[in-house]
Amino acid sequence: MALLELKAVSKQFSRGRGRLLVLDSISTTIEQGQFIAMVGPSGCGKSTLLRIMNGLIPPSAGQVLYQGRQIDGINPECALVFQSFALLPWLSVKANVEMGLEARGVPLVERERRASIYIDKVGLDGFEEAYPRELSGGMKQRVGFARALAVEPKVLLMDEPFSALDALTAISLRGELLDMWQLPDMPVHTMVMVTHIIEEAVELADRIIVMAASPGRIVADLQIELPRPRDKRTEAFNSLTDRIFSLIEERA
Amino acid sequence: MSSAPGIYPIPDINLPQVFGLVEILDDRGGREDGYKLARDLNFNLSELLKVMKAAEILQLVETPGGDLVLLPQGKQFLEADINQRKLIIRQRLREHGLFNYLVRLLATQEERSLAKEVVLEHLAMLLPNEDPEKLFNTLVNWGRFGELFGYNKDEDRFYLDQE
Amino acid sequence: MAAMKVRLPMIRRMLGWLSWFAALAGLLALFFQYRHRAAILPPHLSVALGNLPYYAFCSFYRMLVAYVFSLLFAIAYGLNAAASPRRERFLIPAIDIAQSVPVVGFFPAAIYFFVALFNGSRLGVEMAAIFLIFTSQAWNMALGVYEAVKTIPADSLEALDAFGVKGWLRLKRLYLPAAVPKLVYNSILSWVAGWYFLIACEIIAVGPAHYRLPGLGSFLMEAADKGRSGELVAGLAMLLAIILVMDVFVWQPLSQWAAKFRYEFAASQESGAVGIFTVLEDWGINFRHLFRALFRPLIGLLGRLPRKPAYPRWHLEKPLRLLKWAALALGLGLLGYILIDGMVVLIRTLARPWPSEARLIPLAALASLARLLLAYLISLAWTLPCALLAADSPRFSRIVAPLAEIAGSMPATALFPVLVLFVIRLTGNMNLAAVLLILTGMQWYLLFNLLAGVRQVPTDLLEAGRSFGLSRLGTWRKVVIPALMPSLITGSITAWGGGWNALILSEYFIYHGRHYQVLGLGALLDRATYESGNGTLILLSLLSMVLIVMALNRLFWRPLYQFCTERFRVDY
């Protein structure tokens, strides 16, 4: 059964004197165990779509079904990782990671145990008492990941998680994300990542949904069969990126 | 004034950048020209040089001429998982003059910790040409990653992590 | 492998705890010792130096009580206004209006109200004073909380939504911490304002039986009246001591702690408190460790409070929500009743035939405006050059800034008795005295804002000017003054606000049994209160003042500010 299903989801925002149609009748399904990337130009509504998936924003029309049932509000089995990290500057790394658990009423001892585990998994062991302003961008995003993983979601939603990082840190973090995803004892195996970097999508995802803007809609849904780890210098890789690029370009 | 013998500064960059550099070097077959890399990645050249230097200090790469060469232990590092990587880094840090000095200094303190101000004074003395504040931050970052040091800002304690 | 927590050296911890206990115990002890003195005191207070600690304690106690109320109000009000756009639409304009009302004008009215409420006991007068201090503090603190919560970055809000952080947990983890920096900063300002009005309250002999509150203000007034300069100096010194001690032991450490709660990209424009603290540090005296020892136990205690699992539990949510609605309805109902009652009284008072003196209002208003203008120009004449000098020489600003801060945190009203003593004795000219008194209420705001503005002039602009051969005067004219314009305007707005408040205290004076007064709105108001007790006149003069202030704000200052920030903004 599909984990997450979108049926003719549309989203309008009222802007000034008119209404802006950001998403137009999006329908797609997300199966368990997939790593999906959504690529598209800016303004195609991919970030909005991500937030609709997790229930942060309600759709103007259409349905969002999780495990067959329509969601109503935030879906606790999805967790979000933000482009700008979104950490609270007055909380230590440990407190930031525990935040989602605290909100769910998990008792203190269990909270600390789980936070420890995931802080360890993202490689931030030793940084528990650090404050966000002492951390580099890459570290902060790891905290974001740890926070999302700590609530042990079934789906991990990522909104351009690496675009606020410098090139080298991004490379490093992408590699670690893949490593983590392939570990058997990870709680989450389904990932949806929004990005505007095509290479990133091809490097990481099993399935790429290509979107176009004005209004936001899906123009292509590609399966990526290349074995991992993927080599950027191969012909197959480059032809894929070219293809996606042209798909986006011709609809621009 | 020159630095104390055997003790060299570390560039103020983050470890994830070093790992990214090693990865991309591996992608490119283990050898690349530094300038070309900076241009390809759209990276500030002087920043990249610092990252290269750090990678060298951690004995993951070599930098003959302006080139970057991946060392065998660098390749091993890439294949290790996150916890093994920490162990490797920790080992390398222990072998570095500055970190070694601090480890020995902390070991002689009661409670194996020092206030930040005191550490800054030591750094200013050891490496008079470096900015002690920046150096401290980098030390804390690297130290935390390798689980060699810890720093509690609220209580102003720079301490030796358990052995 | 979690990092191990090693304990702080025991001595430092003990020191911190001890000082807190000592301070608390001291306050309680003083309170109990002085409680039996609660009888109504005659209009003449003893000027014996032995009574000074008692008076100081009374004043401090009033400040503390009012501040606690203001704090609670500010948090509740600010959070409410920021959390819901519907409520925001009437809560914020309400505060805006409240802010433009000159506070001291309400003191006589407050006295009548509270004294009646407490059946003529001294408690009524005390409550009136506390209420007055409250009104001088609560609005700007509430606005501070509101601004702080509104400027929380959207992604933090989204993150908390996405992880289901609601209710009390959200308050504790997001709203309250976000409000801390502004709260601390505004608290400092509020205490300055509070002292100003408290001393003013204590100076005035008001009410049906001419109550005079025992406190530092009344002590100073009596000393001036009797010409006892030694006691006068002692009183001022005591006031200064309290203010300095609070600055060094409370505000500085709090400001440092509050820095932890800033968002990184929020520019530290409000780190205006250079303070004597940093000057001393420059000179090598390092108090930081001592003060941190004082505060850490408190922070540690707060952090170790047992964390309950966050509500809402599903089955509890509905009854809790009903309870909330009931409380809200009750509160609103009460507020509505008070407002309607007040409106009725207002209308009835206005409906009575206007007294003949009401004709004087327009002329009086003009006279007051003239005095304000004069005082303003004098302030500008010395603060602007000061600021320009500070722009040029960092050394100058490093000396001047802390001195200005100390001078500014001393309530100018404490000097009124002294000033009146001098001016009336020397020249007998009330107009001069009035302008001087108004001046003291205006100049510090101007100076602070200008100094803060100077700190923000980008140094590279200054350097560019100089490298292009601009003379000193030229740099001032072309670079510094334009860059200072927004601060100048903000400073002027606050200065005029302070001026209006000072007006009510400066145009009418009873000294040595004689009445000194000038033609002005403030004098009209005071005369109506203390002599004739004519409610209509009081109301009319108060209303005219409010209207003039609001009109000036809307039609002059705000547009000017808009214009200046657009034209002179230093943006890249």
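Between chain A and chain C, the count comes to six residue pairs in polar contact, with both partners at pLDDT 80 or more. The model is a predicted one, and everything below is read from it. On the chain A side of this contact, the elements that each supply at least two residues are α1 (46–54), β6 (78–81), α2 (93–103), α3 and α4. Of these, α2(A) gives the most to the side that touches chain C, with five residues. Sorted by class, the residues on that side of chain A split into 18 nonpolar, four polar and eleven charged.

Next, the overall extent of the A–C contact. Here 33 residues of chain A meet 29 residues of chain C. Put together, the two chains bury about 2600 Å² between them, and carbon and sulfur atoms account for 57% of that. As for charge pairing, chain A and chain C have two salt bridges between them. In one, A:R51 pairs with C:E158, and the closest N and O atoms sit 2.7 Å apart.

Now for chain B. In the A–B interface, 25 residues of chain A are in contact with 30 residues of chain B. The area buried between these two chains is about 2300 Å², with 52% of it given by carbon and sulfur atoms. Three residues again head the chain A contribution: A:E129, A:E134 and A:L168 supply 27% of the area that chain A buries against chain B, more than any other three residues.

One of that trio turns up again in the charge pairing. The rule finds one salt bridge across the A–B interface, and it joins B:R144 to A:E134, with the closest N and O atoms 3.2 Å apart. Beyond that, seven residue pairs are in polar contact across the interface of chain A and chain B, both residues being at pLDDT 80 or more. The elements of chain A that give two or more residues to the side touching chain B are α3 (108–121), α4 (137–150) and α5 (167–182). Here α5(A) gives the most, with seven residues. By class, this side of chain A has eight nonpolar, six polar and eleven charged residues.

That leaves the fold of chain B itself. Its secondary structure amounts to eight helices and six strands. Starting at the N terminus, the elements follow the order α-β-α-α-β-β-α-α-α-β-α-α-β-β. The radius of gyration of chain B is 16 Å, close to the 15 Å that the globule rule gives for 163 residues, so chain B is as compact as a globular protein of that length. Along the principal axes, the C-alpha trace of chain B spans about 50 × 35 × 30 Å.

Burial and contact range round out the picture of chain B. Of its 163 residues, 53% count as buried. Taking the contacts in chain B between residues at least 6 apart in sequence, 64% join residues that are at least 24 apart.

Conventions
Residues numbered from 1 in each chain as written. Chains lettered and ligands numbered in written order. Predicted model: local features only at pLDDT ≥ 70, side-chain atom pairs only at ≥ 80, totals over all residues. Heavy atoms only, no water. Contact = heavy atoms within 4.5 Å. Buried area = accessible area lost by both parts, 1.4 Å probe. Salt bridge = Lys/Arg side-chain N within 4 Å of Asp/Glu carboxyl O. Polar contact = N/O pair within 3.5 Å; in protein donor to acceptor, adjacent residues only side chain to side chain. Helix = DSSP H or I, 4+ residues; strand = E, 2+ residues; numbered from the N terminus. Nonpolar A, V, L, I, M, F, W, Y, C, P; charged D, E, K, R; others polar. Rg over C-alpha atoms; globule rule 2.2 N^0.38 Å. Buried < 20%, exposed > 50% of the residue type's maximum accessible area, 1.4 Å probe, protein only.
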